[in-house]
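Below is a briefing for a reader who has not seen this structure before. Please look over the sequence and the model first, then read the points by topic.

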Amino acid sequence: MNTITSFGNSIMKCRSRMLIARRTVPFFGLPPPKCHRHQHFTTNVFPFNLDQTSQFHAYPLRFLGSQRFSGNSQNIWFLSSPGFGRSATLSRPIFESRVVPTVRNFSTSVETRVNDANFERILVQNGINVKPLVVERIEKDEGIAGETDARVEVASNDKDVKKEDLEGINGISVTESGDKREQSEIEKEAWRLLENAVVMYCGSPVGTVAANDPGDKQPLNYDQVFIRDFVPSALAFLFRGEGEVVRNFLLHTLQLQSWEKTVDCYSPGQGLMPASFKVRSVPLDDNKFEEVLDPDFGESAIGRVAPVDSGLWWIILLRAYGKITGDYTLQERVDVQTGIKLIMNLCLSDGFDMFPSLLVTDGSCMIDRRMGIHGHPLEIQALFYSALRCSREMLDVNDGSQNLVRAINNRLSALSFHIREYYWVDMKKINEIYRYKTEEYSMDATNKFNIYPEQIPSWLMDWIPEEGGYLIGNLQPAHMDFRFFTLGNLWSIVSSLGTPKQNGAILNLIEAKWDDIIGHMPLKICYPALQYEEWRIITGSDPKNTPWSYHNGGSWPTLLWQFTLACIKMGRIELAQKAVALAEKRLQIDRWPEYYDTPTGKFIGKQSRLYQTWTIAGFLTSKMLIEKPELASLLFLEEDYDLLEICVCGLSKGGRKKCSRGAAKSQILV
């Protein structure tokens, strides 16, 4: 009979600089595994290389025990391996499964296919107060023979990335910005502040704190490492040839992915990445201490909202790390490949929604407070599209991942059409909406979402320029959010979610409405602000999101690097230079604020943290991109014309039901 031996995430503790000795906790009568400089877990399907910079544990101490998993179609025993801490072997279980019906080839979700050969199923089971990562591989019987020869060794390729290893990667010299010119005083100060914001864990850098204001007596969660906040810091370090902190960050957050995350006895779907984590020192006996990582998956956040964008940013940064350093061994690791699959499985899971866009609640992204963005906000869709394309590029295509890759391709095709066709507005489109007929009940309806013309806000009529346009903030039945959301529009350019013509029109609109979107400090997070009764109803009278402040029309300097990236891609670098020069005049004097208030961004935000790390990093990344525009090509995605030819709806062109894509083909291809 086949058996299965399970293993979980490493729950070993690394010694901090204050830790002299370790607790000795028996593991089923055996001594616990010790933290060595290099510790290898080798299995048939999931090899681990856990060095001192990639070891995690839960607090309080948790161990994986013997357990049984029961489902409608399977009954499996998981036994603790007596060789835990040295090696573990994963055998294939025999499943008693009911007959699974044929799955649609054009599904945009990932479904379990028990009868498919070599298909990897990723399960995360309950242990003792922890959810260890368990990977099963279901193969044909003949694939089991010789399994000891199929082990994969990753450790030989895992090493810290040094600056000298990054020179000339992808034909581009990645060096310090000061190699060709003398750094300005503001750049020197920015680098000093960024380096001081680095967080150490067990003697190795693992990220940067959100803010490092010495005068802040109540930092709240600004002393934590946020995934989204760290992205510009990571790019700044990578462009300077320092990859160690980025590599450590990616591996540590990957391990945190499978931790227990519960709010009021309910756990979200597996694959969720934490919003942030904090390094804490935990006292032991005899005045000794050890360092632990304490993640926040939203259970401590304001509103208890899960960070949907964290996993998307993690995938985007993983691709950027490989592109900039040329070190693709990281994304080829089996544990990293599994992490990508977990995130994609979570995003592509089936639901009740009729649209290919990702359905989320309010506050699940950079705008993490109630701002009326629940539904299908553009920011999430742009990051989702980018993460889909990055995942498809990085995934190792084999029998175990081909279903996932197919689902990614199908979702990419449907999502790009949906956003380009229904989110885009310019003068012509607004005039069409103004003349919409309502209550149409047919397959050929023009007003598919039953949008009432009265929804067009009065400010938009005069604000929209003749030669520009943008992607609206949200689209739901009988509702279009006409606000301009900067991050979503910029990332639509970077990821090629918009057409080339649309991408150019977005920058034309920003240039035409420079005073509104850039003003005294780039860039407005959204325009316009919610005011009066609208602010009271939508935000719930949020005292932090008052009109033209914080997420409600505040100006955020961290958006500079994304604006610079979009401008370089579209050949409009002069716009980025103008915006960066504007910010450079004030940021150092104002002590690097988190955001600015007022319609033109004239005043420092009333609750803005000073010495905000992603403000500093966004400025540095923008300066390096402007100095070396060729670096931008390592980050943005070009148009994928193959996606435009794919239609997954399965509707016959000559039948009663017709696909609306054919009628819009001329617009999609421009």
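Over residues 111-160 the pLDDT stays under 50, and the model has 122 contacts beyond four places in sequence for them. The model is a predicted one, with a mean pLDDT of 78 for the chain and 69% of residues reaching 70 or more. Residues 15-107 also have a pLDDT below 50, and this stretch has 237 contacts in the model beyond near neighbours in sequence.

**The chain as a whole**

- The chain contains 19 helices and 20 strands.
- Of its 670 residues, 59% count as buried.
- Among contacts in the chain with a separation of 6 or more, 71% come from residues 24 or more positions apart.

**An open sheet of three strands**

- An open sheet is formed by 3 strands in the order β10-β11-β12, with antiparallel pairing.
- β10 (225-226) and β12 (289-296) are the edge strands, each pairing on one side only.
- Strands of a sheet pair through backbone hydrogen bonds, in either a parallel or an antiparallel sense.
- Between β10 and β11 there are 2 bridges in the antiparallel sense, and Phe 226 has Ser 276 in β11 as its bridge partner.
- Strand β11 (residues 276-283) is joined to β12 by 8 bridges, and these two strands run antiparallel.
- Along that pairing, Val 279 stands opposite Leu 293 in β12, and Ser 281 stands opposite Glu 291 in β12.
- β11 and β12 form a hairpin with 5 residues between them, and Asp 286 in the turn has a positive phi of about 60°.

**Helix α9 and its cover**

- Helix α9 covers residues 427-434, and Lys 429, Ile 430 and Ile 433 are buried in it.
- Viewed down the axis of α9, the buried residues fall within an arc of 100°, so they line one face of the helix.
- Lys 428 and Tyr 434 are exposed on the other side of α9.
- The cover over the buried residues of α9 includes α8 (402-422), β13 (424-426), α10 (458-463) and β16 (479-481).

**The nonpolar core and Met 344**

- The largest nonpolar core has 159 residues, and Trp 314, Met 344, Tyr 470 and Phe 563 are those with the most contacts inside it.
- Apart from its neighbours within four places in sequence, Met 344 is in contact with Ile 315, Ala 387, Leu 388, Ser 391, Leu 404 and Ile 408.

- Ala 236 has its place in helix α2 (residues 227-239).
- Ala 236 counts as buried because its relative accessible area is 0%, and the cut-off for buried is under 20%.
- Beyond neighbours within four places in sequence, Ala 236 is in contact with Trp 191, Leu 194, Thr 621 and Met 624.
- His 551 sits in the loop between α14 (532-539) and α15 (560-569).
- His 551 has a relative accessibility of 1%, so this residue counts as buried.
- With neighbours within four places in sequence left aside, the contacts of His 551 are Met 366, Ile 367, Asp 368, Arg 369, Met 371, Ile 525, Cys 526, Asn 545 and Trp 556.

**Backbone exceptions**

- Most residues other than glycine have a negative phi, and most peptide bonds are trans.
- Pro 522 and Leu 523 are joined by a cis peptide bond with an omega of about -10°, and Leu 523 is in the loop between α13 (514-517) and β18 (526-527).
- Another cis peptide bond joins Tyr 527 and Pro 528, with omega about -5°; Pro 528 has its place in the loop between β18 and α14.
- Leu 220 is not a glycine, yet its phi is positive at about 55°.
- Leu 220 lies in the loop between β9 (204-208) and β10, and its relative accessibility of 66% makes it count as exposed.
- Tyr 611, also a residue other than glycine, has a positive phi near 50°, and Tyr 611 is found in the loop between β20 (603-604) and α17 (613-627).

Key. Residues numbered from 1 in each chain as written. Predicted model: local features only at pLDDT ≥ 70, side-chain atom pairs only at ≥ 80, totals over all residues. Heavy atoms only, no water. Pairing = 2+ DSSP bridges. Helix = DSSP H or I, 4+ residues; strand = E, 2+ residues; numbered from the N terminus. Buried < 20%, exposed > 50% of the residue type's maximum accessible area, 1.4 Å probe, protein only. Contact = heavy atoms within 4.5 Å. pLDDT = per-residue confidence, 0-100. Arc of directions from axis to C-beta. Core = buried A, V, L, I, M, F, W, Y, C linked by side-chain atoms within 4.5 Å.
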